[in-house]
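Visitor: I have a two-chain model here. Please walk me through the contact between the chains.

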Amino acid sequence: MAIRFEARGSVHKFGDNIDTDVIIPARYLNSFSEAELASHCMEDIDKEFKNNVKPGDVIVAGKNFGCGSSREHAPISIKASGISCVIAESFARIFYRNAINIGLPIIESAEAAKRIAAGEELEIDFKTGKIKNLSTNEEFLTEPFPEFIRKIIEKGGLLASL
Amino acid sequence: MAMTATQKILAAHAGLREVHAGQLINATLDLVLSNDITAPVAVNEFHKAGFERVFDPSKVVFVLDHFTPNKDIKSAQNCKQLRIFAKEHGIGHFYDVGAMGIEHVLLPEKGLAAPGDLIIGADSHTCTYGALGAFSTGVGSTDAAAGIATGNAWFKVPSAIKVVLTGKPNEDVSGKDVILHLIGLIGVDGARYRSLEFFGDGIQYLSMDDRLCIANMAIECGAKNGIFPVDDVTKTYLKERVSRPYTAYEADADAEYDETIEINLSTLRPTASFPHLPSNTHTIDEIKTQFGKIAIDQAVIGSCTNGRMEDMRIAAAILKNKKTAPGVRVIVIPGSQEVYLGCVREGLAEIFVSAGAAFSTPTCGPCLGGHMGILADGEKCVSTTNRNFVGRMGHTESEVYLASPAVAAYSALRGYICGKEEF
């Protein structure tokens, strides 16, 4: 399944160092059902997230998003929640790889992460790296994916691209 | 062009004479590791992508260590699936209950990691093997699946931080205190995407178990890997474990580093990380003067960070002929069958049980809030594990304080977080 190259949705905002233990607590790692993982996504930091999230929504966070364990269940639970993109000041490296590998688009942009507020509506073009804040009319130009990552995403994930 | 030790290993495995920081490479893998949480996802991806064969069954390791001996039916089903896969594909290194250990204690013991190797593992603490001069790093299940299928993985060549360790540490300072101090200095993302390369005359005073502990927690400051030079301590450790030839890589004298951090080991003090970040560090003296007696409900001694023989010996020496404090649950978990047997043979098992501690079969168990020591709301635990994030060991209102086996053992006796000064 290839990802779409645009996204549109409203923002759920989080702080720095959002670790994979709060994204999907280990007590749920005995399952890899996407629906079940989604039903516990962000549970230990925002109990209402699973009720508030709508398809297409965007997570915007601070530094070092996804730090901690290598559990791929973390990006899977975010993607299965309907989140179309995660924008952060920076990402922990294993989470970054995992997100790309399962086809969850992520954008590293300190400026966008700082200026975008909770509840705002965004439109994102992954081909150009342009983020448009529909609520404030602000635009952020970010680095588009490098060629080899675009290839992985176009093929629908790392394994399909091999 | 001058290269770091990490870059040399990556270049050698990419068939290149040299690589530079930022370069994307495709490299061959010497070993691919996965566990009972990450391997089921990897196996499903492997099948979904239509792969039929493992690239080299002798280079694939499955360790059933996180939720084992199985804590519930779902975990049991996952392990069953892995047993079937391992049998079908002739996985060379399959470690089940009774033979297994916590993966990062087990692999060095079994001689599966050697200097110069390139190892990936679907577990973030795979960076442990840098203690032996290998390049090893944590990945997710999809990367592991691709590695299992093809024997290759892509990497972005990292730049590095040079960490120079000088001086001789005091007796009550261990590898755990060194790495907690470093994480406290640079923060949980201080080495993000980068290598930590260790140098200096202080390394000679660090045992292999100290180094394994330090490299293990490189990920807790965001590092891609942490790597030690290969010296006599390494060679002695490898002598009885690794019979195949290996290559010890040394950084070029003029290799470029983003920054240099110098730590004089002789000035370090026993250190603990307060909730809810490993970088939230305080020395044992600061704890006493600034926080007083932080009462604990539980002490955990074990994990891939501190579940080795030396850790057990340190804890046992402190607990010998003593009783743990009333109301404190003390859980000792040797990191492997070999460590467990060592505890039995050396009489440590008897010391732990006589002191009032629970003595468990190897498991990751409580470290990640899996089983064998989950915390209730409001409870505090001093633990020799590696993470103290919100909810890591149980309830979101519980607290984990990371420390060395010595501090955990002293605290277990007094009932509050302390070092040897309280005795």
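Visitor: How much area do chain B and chain A bury between them?

Guide: Keep in mind that this is a predicted model. Of the area buried, 58% is on carbon and sulfur atoms. In chain B, Thr142(B), Trp154(B) and Tyr193(B) lose the most area to chain A, together 18% of what that side buries. The total for chain B and chain A is about 3500 Å².

Visitor: Which element gives the largest share of the side of chain B that touches chain A?

Guide: Chain B puts 48 residues into the contact, and chain A puts in 38. Across the interface there are 20 residue pairs in polar contact. On the chain B side, the elements giving two or more residues include α3 (73-89), β6 (135-138) and α5 (141-150). The largest share, six residues, comes from α5(B).

Visitor: How many salt bridges are there between chain B and chain A?

Guide: Arg192(B) forms a salt bridge with Glu108(A). Their closest N and O atoms are 3.7 Å apart, inside the 4 Å cut-off. The count between the two chains is four.

Visitor: Glu72(A) is buried yet has no salt bridge. Which residue has its backbone nitrogen 2.6 Å from a polar atom of the Glu72(A) side chain?

Guide: Glu72(A) lies in the loop between β2 and α4 of chain A. The nearest side chain of opposite charge, Arg97(A), is 8.5 Å away; that is beyond the 4 Å limit, so no salt bridge is counted. Glu72(A) touches several chain B residues, including Val41(B), Gly140(B) and Thr142(B). The backbone nitrogen at 2.6 Å belongs to Ser141(B).

Key. Residues are numbered from 1 along each chain as its sequence is written. Chains are lettered from A and ligands numbered from 1 in the order in which they are written. This is a predicted model: local features need pLDDT of at least 70, side-chain atom pairs count only at pLDDT 80 or more; totals for chains, interfaces and linings use all residues. Side-chain values use heavy atoms; hydrogens and water are left out. Contact means heavy atoms within 4.5 Å. Buried area is the accessible area (1.4 Å probe) that two parts lose on being put together, summed over both. A polar contact is a pair of N or O atoms within 3.5 Å; within protein, one must be able to donate a hydrogen and the other to accept it, and residues adjacent in sequence count only if both atoms are side-chain atoms. Helices (H or I, at least four residues) and strands (E, at least two) are DSSP runs, numbered from the N terminus. Buried means under 20% relative accessible area, exposed over 50%, partly exposed in between (1.4 Å probe, protein chains only). Lys and Arg count as positive and Asp and Glu as negative; His and the chain ends are not counted. Lists of a residue's contacts leave out its neighbours within four places in sequence.
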